[in-house]
Amino acid sequence: GFIAPTFQWQESVNNGLSWKDIPEANTTGYLFNQTAVGTYKYRLSAAEGANIFISNCRVASNAVTITIHSLPMVTASNNSPVCENANLQLVATGGIGFNWTGPSGFSSTLANPSFTALPIASGEYNVLVTDSFGCSNTVSTTAFINPKPTAVVSANQNFCEGDTITLTASGGNVYVWSPAAGLSDINTANP
């Protein structure tokens, strides 16, 4: 209803109890440029021409509340190292929405996906976690999958009663020979 209206944006720092003019914010649009986490309240005042400087002559809009939320605090972990064909468990916390990606095209929307581990599953898993405000943060965890060892033992041998021979094995770090009878040590690669 003004013939030549003048506008003034205002900000409240005490939840709308009092309002302060924002210098040079006198158009119908205002560029919000706050970046700190918090709640901000703004409104637009209008008056006829120079009456904008007289508080009783102003008409104010409803307050606009803008809330900047912090990014969610997220964590990601896994139960590795695990052996090939064991269960690999990924765990993410800190939100309500989860989007996992990883080696060999792995993807999941579960918070705690698990699967049978193959050596190609070793590597970095990333999870995008979203909170109830729609804010998101990404974190990663690295999984290690140990392949099954390839056991190699000495070839069949013929020997006579009372002779001594050496058996050989390779491909692992820990050995257990069976049956144990007559062996010098069942826990060595070469009894």
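**Strands and cores**

Author: Strands β3 and β4 (residues 59-60) run antiparallel and are joined by 2 bridges. Strands here are DSSP runs of E, at least two residues long, numbered from the N terminus, and two of them pair if DSSP finds at least two bridges between them. The model is predicted, so local features need pLDDT of at least 70 and side-chain atom pairs 80 or more, while totals for chains, interfaces and linings use all residues. Residues are numbered from 1 along each chain as its sequence is written, and side-chain values use heavy atoms, without hydrogens and water.

Reader: Which residue is the bridge partner of Ser45 in β4?

Author: The partner of Ser45 is Ala60.

Reader: How many bridges join β3 to strand β5?

Author: There are 5, and β3 and β5 (residues 64-68) run antiparallel; Lys41 stands opposite Thr65 of β5. Strand β1 (residues 5-12) is also antiparallel to β3 (residues 38-48), with 8 bridges, and Gln10 has Arg43 as its partner in β3.

Reader: Which residues touch the most other members of the largest nonpolar core?

Author: A nonpolar core is a set of buried (under 20% relative accessible area, 1.4 Å probe, protein chains only) Ala, Val, Leu, Ile, Met, Phe, Trp, Tyr and Cys residues joined through side-chain atoms within 4.5 Å. Here the largest has 17 residues, and Leu88, Leu90, Trp100, Phe115, Tyr125 and Val127 touch the most other members. At least two core residues come from each of β8 (87-93), β9 (97-102) and β12 (123-130). Apart from this core lies another, of 7 residues, including Trp9, Ile22, Tyr40 and Ile68.

Notes
Buried < 20%, exposed > 50% of the residue type's maximum accessible area, 1.4 Å probe, protein only. Helix = DSSP H or I, 4+ residues; strand = E, 2+ residues; numbered from the N terminus.
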